[in-house]
Amino acid sequence: MSVENDSRVASLEARNSELQRLLTLARDQLGEMKEKLAEASAPPQTFATFVAWAGKHADVVANGRRMRVAVLPTLEKRPQVGDEVLLNAMSVIVDVADPDRVGQAAIVREVIDDTRVLVVARGEDERVVELIGGNAHAKLHEGDTVIIDPRTGLASERVERTGVEALLLEEVPDVDYKSIGGLTPQIERIRDAIELPLSHPELYKEHNLRPPRGLLLYGPPGCGKTLIAKAVAHSLAEAAGADRSYFLSVKGPELLNKYVGETERYIRTIFERARAKAHSGAPVVVFFDEMEALFRARGSGVSSDMETTIVPQLLTELDGVEALGNVIVIGASNREDMIDPAILRPGRLDVKIEVQRPDPEGAADIFAIYLTPDLPLNDREFQVHGEDKDATVRAMIDAAVTRIFSHPDAKHFVSGALVRNVVDRAKTAAIKTTVAGGPRGITSEHLEWAADQELAEARAVAAKNLGGN
């Protein structure tokens with residue numbers, strides 16, 4: 001009997017424990033349901049932007065209205081200017097929300113001070129906004145893109161515009177005039193036009209002479225137009241007494257954009273960036289390569305109507321550059337006759353310099369840049385020309401130049417780029433000879449063979465283009 005009673009007691013205790021577990025589970029589920037019901041029936045909270053503290057209260061902007069509201073005393077995080085906050089039904093700040101990383105994009109037109117900038121958005125709508133977050137400590141420049149909240153007048157983030165940045169090769173060139181051969185008269189004229197006003201501004205002021213704002217380099221491809229532009233940027237720093245200079249290189253075809261107004265915006269951004277760099281005292285060269293691809297003559301009928309708005313935009317920027325003495329605009333073109341005449345008139349691109357194909361003397365100067373005495377020369381060259389390395393190199397250069405200009409049509413194809421290719425091709429031939437077990441070093445035969453090959457290829461390309469294939 002006692003055993004049976006003990007068994008019943010144990011069974012009842014087990015059932016009681018199970019009932020307690022089920023009651024506890026039901027109570028927890030009921031509590032969760034009450035919480036969810038409370039959340040579902042809670043009134044909506046309003047998003048607002050925190051603007052400033054006003055004692056124990058806070059100024060916020062919600063739905064375009066600026067309000068002074070109370071702050072929940074138990075609020076854990078103290079909001080900062082520009083933070084998104086949540087308002088309850090009584091317009092009390094109850095929480096700080098995650099930041100909103102979207103907004104209206106605006107272009108910085110002018111930096112007013114450390115915390116305010118003048119921006120332009122939606123066409124030409126200008127307004128002054130306050131920098132918050134990282135922007136307040138990062139240096140913004142003209143042409144930068146920022147995210148603004150038009151309702152609060154706050155700029156929350158700087159945005160990298162890859163579409164524009166990819167067009168701007170911002171660098172400090174290491175090319176000087178010594179790296180350019182065969183263009184001594186052109187270089188002399190450039191230095192007179194650009195460096196002289198920077199190094200002797202008092203004389204220009206005394207003579208009431210306005211320095212040129214830009215120049216055009218025109219001529220066949222491969223003759224050193226881009227090298228000259230880089231050398232100008234390098235030399236301007238010395239002439240102006242600055243620590244550095246900037247070279248903003250823009251390829252004409254890459255500037256074209258199918259969307260209306262985008263190409264004009266790119267042009268504005270380029271010059272805004274140039275002005276920002278110039279304000280720091282550093283000389284700036286804005287280099288437009290292949291200008292004929294973008295700034296064609298208006299009304300020529302050889303392209304679309306894009307130039308009717310692109311050309312005036314460039315003209316406006318060129319006229320605006322006059323107020324800055326250390327911004328130089330350089331254009332390069334293989335077809336200067338296709339550029340709009342308004343760009344080339346005096347007062348804009350004042351100086352026009354033709355970069356011609358090198359003559360034998362100029363070709364020898366270019367050879368001397370790439371074929372130097374420190375290169376490995378074949379011993380046979382010393383047996384023929386003597387042990388003096390300089391004299392040997394000069395003799396090899398004379399032989400290569402003579403071979404190039406022995407071709408009757410060489411004057412139509414020779415260029416600085418071709419001369420460099422001749423030297424590179426000769427070096428490759430010398431390496432192949434050494435690998436094959438032959439004598440080491442560059443020979444005159446290598447140079448002459450390379451000259452024949454380069455001219456033959458240039459002639460074949462010209463014939464193919466002439467045939468329209």
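In which helix does T392 lie?

1. Basis of the note. The model is a predicted one, in which local features need pLDDT of at least 70 and side-chain atom pairs count only at pLDDT 80 or more, while totals for chains, interfaces and linings use all residues. Residues are numbered from 1 along each chain as its sequence is written, and side-chain values use heavy atoms, with hydrogens and water left out.

2. Residue T392. T392 belongs to helix α11, which spans residues 389–405. Helices (H or I, at least four residues) and strands (E, at least two) are DSSP runs numbered from the N terminus. The relative accessible area of T392 is 0%, and the residue is therefore buried. Here buried means under 20% relative accessible area, exposed means over 50%, and partly exposed lies in between (1.4 Å probe, protein chains only).

3. Surroundings of T392. A polar atom of the T392 side chain lies 2.8 Å from the backbone oxygen of D388. A polar contact is a pair of N or O atoms within 3.5 Å; within protein, one must be able to donate a hydrogen and the other to accept it, and residues adjacent in sequence count only if both atoms are side-chain atoms. E381 is 11 residues from T392 in sequence, and their C-alpha atoms are 6.7 Å apart.

4. The barrel that includes β1. Five strands form a closed barrel in the order β1-β2-β3-β5-β4, with mixed pairing. On average, neighbouring strands of this sheet are turned by 55 degrees against each other, direction ignored. Axes are lines fitted to C-alpha atoms, for helices over the stretch in contact, and angles run from 0 to 180 degrees between N-to-C directions. Two strands are taken to pair if DSSP finds at least two bridges between them.

5. Strand β1 (residues 46–54) runs antiparallel to β4 (residues 84–87), to which 4 bridges join it; A48 has V85 of β4 as its bridge partner. Strand β1 is also antiparallel to β2 (residues 57–62), through 5 bridges, and here W53 is partnered by A58 in β2. The hairpin of β1 and β2 has 2 residues between the strands, and G55 takes a positive phi near 70 degrees in it. Strand β2 is in turn joined to β3 (residues 65–71) by 5 bridges in an antiparallel arrangement, with R68 of β3 as the bridge partner of D59.

6. Strands β6 (residues 104–111) and β7 (residues 116–121) pair in the antiparallel sense over 4 bridges, and I107 is set opposite V120 in β7.

7. Strand β14. All of β14 (residues 284–289) is covered, in that 6 of its 6 residues are buried. In a regular strand the side chains alternate between the two faces of the sheet. In β14, V284, V286 and F288 point one way and V285, F287 and D289 the other way, and all are buried. Strand β13 (residues 246–251) is parallel to β14 over 6 bridges, with D289 in β14 as the bridge partner of K251. Strand β15 is likewise parallel to β14, through 5 bridges, and I328 of β15 stands opposite V285.

8. The largest pocket. On a 1 Å grid over the protein atoms alone, a pocket is an open set of points where a 1.4 Å probe fits, with protein on both sides within 12 Å along at least five of seven lines; lining residues have an atom within 4 Å of a point. The largest pocket holds about 610 Å³ of space, a volume being the space filled by probe spheres set on the points, which are joined across faces, edges and corners. Its lining has 34 residues, of which G222, C223, G224, L227 and G416 lie nearest the centre. The elements giving two or more residues to this lining are α3 (184–199), α5 (225–240), β15 (327–333), α9 (360–370) and α12 (416–435). Helix α9 gives the most, with 6 residues.

9. The second largest pocket. This pocket has a volume of about 400 Å³. Of its 22 lining residues, G82, P99, D100, I132 and S156 lie nearest the centre. The elements giving two or more residues to the lining are β9 (145–149) and β10 (154–159).
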